[in-house]
Every structure is written in C-alpha cells, then in structure tokens.
Amino acid sequence: MSRNVVIIGGGQKSGRMIADRFRDNGYTVRVLSHRDHPNSLSADFTDVNDVVRKFRQLVNDLDSIDIFLYNTNSHFGPGGSVDFKKNPDWYSPRQAVDRQSRLQEQWHKNMQFGMLLPNLLVLAALEKMNASSVGLFMTTFISYAHLDLDNPYTDLLSYKAVKSVQNHMMLAFAAHNDVGATFCSITPHYPYEDPEKLNVVIENVYQTIKNAGPESNGKFLEVFKLLS
Ligand SMILES: NC(=O)c1ccc[n+]([C@@H]2O[C@H](COP(=O)([O-])OP(=O)(O)OC[C@H]3O[C@@H](n4cnc5c(N)ncnc54)[C@H](OP(=O)(O)O)[C@@H]3O)[C@@H](O)[C@H]2O)c1
C-alpha cells in the first residue's frame, strides 16, 4: 500500500528534491507551496485561513498522512534575507518610525510562517495521522547549539528564533498528541555550491525521514553531522 507524504514548502530547492525522491520511490506525495510550482498546490502564506483551507484541500482524499514535513522557511525578520546589513537605513536613529513599522511587519510574517502556521498545520494533519505516522520539522542545529557570541547579535536572529520555537513545538507534540504519532526535528546543511555533495545530503535526508519511527520521538535527527 502506498504511503502518503505531505510536505509544506516542497516546491523548490531541497524541499523539491526530497519530494521527488519520495515520488521516485513510489510514495504518494502532496506539496503545499507559497508559489506556483509543478506538482504542488499554492496558498497565500500571508493569509492563515487560506493556507489551512488549501492544506485541507490538498489532503482531502488521503486516508492517512504517514509523513508530514514542515520545510517552509520564511526569510523574514532581522537577520533574514531582508536584513539590516542590506538595509542599513532601517537601523539609523533617523529612521526610527519607519524601522518600527518595518520590523513589525517582518516579525509578524516570520512568526506567522515559522510558528503559527506549522502549529495550525500539524493540528490539521493530526486528524489524518496515527501511531505509525511521523511529523517532522526541518530546523537547524544553530537553533539549539552555536548560541555563543561569535556572531553579531542580530545575525540570523529571527531565523534562529522561529526554528527554536519549532523545536519546542516538536518536543510538545512528541510528548502530547492524542494519536500516538512520532514527532522529531531534522537538522541538515545543504551544500548548494557542490551538486555532488548536495546529492549525498539529499539522499541522507530522504533516508532519515523515511526511516524515522517511534525511536525518533522527541529527537533531533542531525543529518549535518553525517558529512563531517
Ligand atoms: N540551506 C541549508 O543549508 C539549511 C541548513 C539548515 C536548515 N535548513 C532548513 O531546511 C529547509 C530547506 O532549506 P533550503 O535552503 O532548501 O530552502 P529555503 O530557501 O530555506 O526555503 C525552504 C522553502 O520555504 C518556502 N519559502 C521560501 N520563501 C518563502 C516565503 N517568503 N514565504 C513562504 N514560503 C517560503 C519555499 O517552498 P515553496 O516555494 O514550496 O513554498 C522553499 O522551498 C528550510 O526550512 C531551512 O531552514 C537549511
């Protein structure tokens, strides 16, 4: 019987490669994206209700969700791609009002994409999950390690913040979910500059997700360590 995989943010880059690997290996794969991509359903990630509605539409005909992966990364907030380093004016005292409104907007998007949506989507996914299902958050080791002072204090601030919350969300769902599903975080590093190495990492991530089971509950599956 085919196993069902649902990936949020699986329309491009590593998310798409992981989705393709599952498809190539006979899994039924459903992808929710913030943009139009082949083999995915798009939603407006700035609209919480639209995302949850589209998610329900995406999984409506599935009997179960065997693997649920939250892979979306918002790229918003201080330390994100829209960064104070690239927009130094935002951090000038003369721009205080503008800075306040921009930071509010950035943090709200970041918290929505990185915290609120994964929480709501896991709750919706649990309606189709069971004791052999696995929910995974794609996070990063710098959200629970490397928290020292060797970076400028804002470096990746908002990224680390939401990924840390996802890790805690993972621990909460691992401890309490009423269907007995497994929850874990997976922490990769994708060497996009080296396609050969990237292929090895993607295979490791695919195998790690595929093989996750009850023994993974509440764990950080540290794929980045496999390469070092
Ligand atoms: N790159 C690394 O070395 C690394 C290291 C540690 C952890 N990670 C984590 O691994 C995951 C994949 O990383 P990646 O580098 O391949 O891709 P990424 O650039 O971090 O983006 C992941 C996915 O998020 C979605 N996304 C991007 N911008 C968005 C926006 N503005 N609003 C809503 N969704 C957006 C996209 O999927 P759709 O287009 O399908 O919506 C994209 O494929 C991320 O969660 C990342 O934090 C990456």
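**Ligand shell and helix packing in a predicted model**

By class, the shell around the ligand comprises 5 nonpolar, 17 polar and 2 charged residues. Here Ala, Val, Leu, Ile, Met, Phe, Trp, Tyr, Cys and Pro count as nonpolar, Asp, Glu, Lys and Arg as charged, and the others, Gly among them, as polar. This is a predicted model, in which local features need pLDDT of at least 70 and side-chain atom pairs count only at pLDDT 80 or more, while totals for chains, interfaces and linings use all residues. Residues are numbered from 1 along each chain as its sequence is written.

Of the 24 residues around the ligand, those that come nearest are G11, S14, S33, H34 and N73; a residue is near a molecule if its C-beta atom, placed from the backbone, lies within 6 Å of it. Helix 1, residues 13-24, gives the most to this shell, with 3 residues.

The protein chain has 5 helices and 7 strands, taken as DSSP runs numbered from the N terminus (helices H or I, at least four residues; strands E, at least two). Along the sequence their order is β-α-β-β-α-β-α-β-α-β-α-β. Of the 228 residues of the protein chain, 36% count as buried. A residue is buried if 20 or more other C-beta atoms lie within 10 Å of its own, exposed if 12 or fewer, and partly exposed in between, with C-beta atoms placed from the backbone. Among contacts between residues at least 6 apart in sequence, 70% join residues at least 24 apart; a contact requires C-beta atoms, placed from the backbone, within 7 Å.

Helix 1 also packs against another helix. Its axis and that of helix 5 (residues 195-211) come within 10 Å and cross at roughly 60°, where axes are lines fitted to C-alpha atoms over the stretch in contact and angles run from 0 to 180 degrees between N-to-C directions. Helix 1 is therefore oblique to helix 5, since angles under 35 degrees count as roughly parallel, over 145 as roughly antiparallel, 65 to 115 as roughly perpendicular and the rest as oblique. From helix 1, S14, M17, I18 and R21 meet I202, V205 and Y206 of helix 5. This contact has 5 nonpolar, 1 polar and 1 charged residues.

Two residues other than glycine have a positive phi. K13 lies in helix 1 and has a phi of about 45°. Because K13 has 14 C-beta neighbours inside 10 Å, it counts as partly exposed. H75, with phi near 65°, is found in the loop between strand 4 (67-70) and helix 3 (96-126). H75 has 16 C-beta neighbours inside 10 Å, so it too counts as partly exposed. The C-alpha atoms of H75 and S158 are separated by 8.6 Å, although these residues are 83 apart along the chain.

Note on methods. Two residues are in contact if their C-beta atoms, placed from the backbone, lie within 7 Å.
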